[in-house]
Amino acid sequence: SDSSKLSYRTQRGDIEISKIYKLPSSGSLTDYTVRISNRGEVARQVNPSFGIADQILPEKGGIYANITETWADIDGDIEHYPAEKLDSKPRSHDGSVSWFGLGERYFLLGLEAELPPPGEVVLRPSTVGENRYAVELRTVGVTLEPGETRVYKFKLWTGPRSLDAFQEAELRM
């Protein structure tokens, strides 16, 4: 009923996963919330992961620019890999992940965690085709008691790769 929100929900056994995007009235910043709920009657172990992947395949003769870089801030250190370094070997890093993203020369698609979860970030080629890349945050496993819900909040940036724009949006990117 709220036209400024886009929601998706799925259920896998007793585990319900909801994704809610609060769309901006202007600008490049979207609030993104993931809720993982145990709808069953026994405790369940879950291993939440969150990711960004370049899934767009260009049309022949189109102007789509390939994603050429992956980024992640782990424990305050920026990990940056151009695509050619990931083609030879996926990279992974453990720690507290503040933000991660995919980009090219002018634009960035990134997720910034409200509360950086501990885990592992994996920067790798995507599974949809050549010259496509993904960044995945694999958090530590958690046990959900019956009726329990875990909430993960992010800021989703889909815009220019600009320090001024990040600062204006109060992002750590």
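In this predicted model, a network of salt bridges links E120, R124, E136 and R138. Within the network, the side chains of R124 and E136 form a salt bridge, with N and O 3.7 Å apart. This pair links distant parts of the chain: R124 sits in strand β10 (residues 118-125) and E136 in strand β11 (residues 133-139), twelve residues apart. E136 is buried, because its relative accessibility is 15% and buried means under 20%. R124 counts as partly exposed, at 22%.

The whole structure holds nine salt bridges. One of them joins D14 and R44 through their side chains, at 2.8 Å from N to O. D14 lies in the loop between β1 and β2, whereas R44 lies in strand β4 (residues 44-46), 30 residues apart. D14 is partly exposed at 26% relative accessibility. R44 is also partly exposed, with a relative accessible area of 35%.

A salt bridge also connects E69 and R161, whose closest N and O atoms are 2.2 Å apart. E69 belongs to strand β6 (residues 69-74) and R161 to the loop between β13 and α2, so the pair ties together parts that are 92 residues apart in sequence. E69 is buried, at 16% relative accessibility. R161 is partly exposed, at 33%.

Strand β8 (residues 91-103) contains H93. The side chain of H93 makes a polar contact of 2.9 Å with that of Y81. H93 is buried, with a relative accessible area of 18%.

K5 is part of strand β1 (residues 5-12). K5 counts as partly exposed, at 42% relative accessibility.

How values were computed: Residues are numbered from 1 along each chain as its sequence is written. This is a predicted model: local features need pLDDT of at least 70, side-chain atom pairs count only at pLDDT 80 or more; totals for chains, interfaces and linings use all residues. Side-chain values use heavy atoms; hydrogens and water are left out. Helices (H or I, at least four residues) and strands (E, at least two) are DSSP runs, numbered from the N terminus. Buried means under 20% relative accessible area, exposed over 50%, partly exposed in between (1.4 Å probe, protein chains only). A polar contact is a pair of N or O atoms within 3.5 Å; within protein, one must be able to donate a hydrogen and the other to accept it, and residues adjacent in sequence count only if both atoms are side-chain atoms. A salt bridge is a side-chain nitrogen of Lys or Arg within 4 Å of a carboxyl oxygen of Asp or Glu.
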